Amino acid sequence: MREYKKILSLDFELYNSMKYYSICWIGAAVSDFSMQPKSYLDVKVNPATKHKMVGKELKFPFTYKDLKVLPKFDVASAPLFELIDSDTLVVGHAVDNDIKMLFKACSHYGMKYPDFDFVDTNAVYGALRGEYAQIGLKTLAESFGIEFDAHNPKEDARATLKALKLMLAEHNTDLKTLTEKGALSIGKARGGIVRKCSAECMSARAKEHIENHNALFDAVAVTKPGEGVLSRTKVSFEPKLSSTQNLFSLAEFALENGARIVGEEDNADIIVTSQLIEGDEKHCRLRDFADRYGVPKAVLSELDFHPNKVTTSDGEVISFMQYLKRKYAVKGAKGEYYCFSAKTEKLYEFEDVVANLLKKGKRVCAMPESRCVFVVTSADETDTENSDLKVRMYNRMKGFGKIGLKTFAELEATLKL
């Protein structure tokens, strides 16, 4: 862990929980590594939205009328940005949310994103216990006898800093020791892209999500920008997509071909998404992005191309299979039924194969049944009991009617798709 000159414990309050730029209150506690506050920041902000949408239990000690005469975030945040520099370690409880607010506000007002390292006290709590669990700031503070006025951001920041100090003292350790032992990973924010703070004790699934999320940051950090088909194009990856897939190789390809990876969708020319949204020019589903810019097969093999829903031009939300049947099915078709395993549905070629089946008068169904001719699987599913529900059902139905099992490649060859 590198040396920092100061710690900045930070917290924001939103005026409208549906608009993450609408910060109405900035609070901070500033200290050195003794974690004894030296100064505080307490700034109220014009949120630039009249509609208050927050938790029912949250009562602010001011009204919109009080706030609307104040400077907006682009001006009011000046004292905060004076405190954030490369020698600052930002601390927050569930700090990802506060960073999201900060970057949304910067994006909304056309401001430069601050670069900083950060620590989440939730992750520190888990790292010290050796078992990760989310804990509310109020519960954490109460466990150490810390009294504070919750949802007053200056007070939240003060309580967070004190809780961090007492947690570390209780375990006779410090942040440097935790990071050197590998129990805690310091978070980083660079150019609006974030590498999350995490604890080694997190579950395998949580670590996978974090690793996927961090892939974009890592790709930007190590890839030398080039020129190519994406030159000067600002590309953003949908948060849901980046948390469920490791996009390192795809981001690397984009950067090497001239793209600039941006964290906020508002600033992007293209938003790469797992969804198919008809009539939306800015959102580009993963398959279309790959087709448009010639993504190599080696990169495609690492990705999941099955969108879990489609939003039609009429605003209706349907499954991807429903969408394909509406688009390609032959009216009055009476051909055989085919069922595709979940693993096969994720392949790049899935849409092409289903489209060709439907065009030939074949039909598809969601689960294997008596009217189904084949369950289509990937090659590694054919010889073993697999966790895929559809393949397990097939294995129970081998002697039922004429149902059979074909690999993806075999189906294409047999039907000359």
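Reply: What follows starts with the pocket and then goes on to the cavity, the cores and a few strands and residues.

This is a predicted model, in which local features need pLDDT of at least 70 and side-chain atom pairs count only at pLDDT 80 or more, while totals for chains, interfaces and linings use all residues. Residues are numbered from 1 along each chain as its sequence is written, and side-chain values use heavy atoms, with hydrogens and water left out.

Rolling a probe the size of a water molecule over the atoms shows where empty space is left. On a 1 Å grid over the protein atoms alone, a pocket is an open set of points with protein on both sides within 12 Å along at least five of seven lines, a cavity is a set where a 1.4 Å probe fits but cannot get out, and lining residues have an atom within 4 Å of a point. Grid points are joined across faces, edges and corners, and a volume is the space filled by probe spheres set on the points.

The largest pocket has a volume of about 720 Å³. Its lining has 22 residues, and Lys100, His213, Pro239, Gly263 and Glu264 lie nearest the centre. At least two lining residues each come from α4 (95-108), β8 (193-195), α9 (204-222), β10 (234-237) and α10 (239-244). These names follow DSSP runs numbered from the N terminus: helices are H or I with at least four residues, strands are E with at least two. Helix α4 gives the largest share, five residues. By type, the lining has nine nonpolar, seven polar and six charged residues. Here Ala, Val, Leu, Ile, Met, Phe, Trp, Tyr, Cys and Pro count as nonpolar, Asp, Glu, Lys and Arg as charged, and the others, Gly among them, as polar.

In the loop between α9 and β10 lies Thr233. Thr233 is buried, at 15% relative accessible area; buried means under 20%, exposed over 50% and partly exposed in between, with a 1.4 Å probe and protein chains only. Beyond its neighbours within four places in sequence, Thr233 is in contact (heavy atoms within 4.5 Å) with Gly258, Ala259, Arg260, Asp269 and Ile270.

The whole structure holds one cavity of 30 Å³ or more. The largest cavity has a volume of about 40 Å³. Among the residues that line the largest cavity are Arg285, Phe305, Tyr348 and Glu351. That lining divides into six nonpolar, no polar and three charged residues.

Now the packed parts. A nonpolar core is a set of buried Ala, Val, Leu, Ile, Met, Phe, Trp, Tyr and Cys residues joined through side-chain atoms within 4.5 Å. In the largest core, of 65 residues, Ile26, Phe73, Phe116, Val124, Leu175 and Leu184 touch the most other members. A second, separate core of 28 residues includes Val235, Leu241, Tyr293 and Leu303.

Strand β17 (residues 337-340) has both faces covered: Tyr337 and Cys339 are buried on one side, Tyr338 and Phe340 on the other. Strand β17 pairs with β18 (residues 363-364) in the parallel sense over two bridges; pairing requires at least two DSSP bridges between the strands. Tyr337 stands opposite Arg363 in β18.

Tyr40, in strand β3 (residues 39-44), is partly exposed, with a relative accessible area of 41%.
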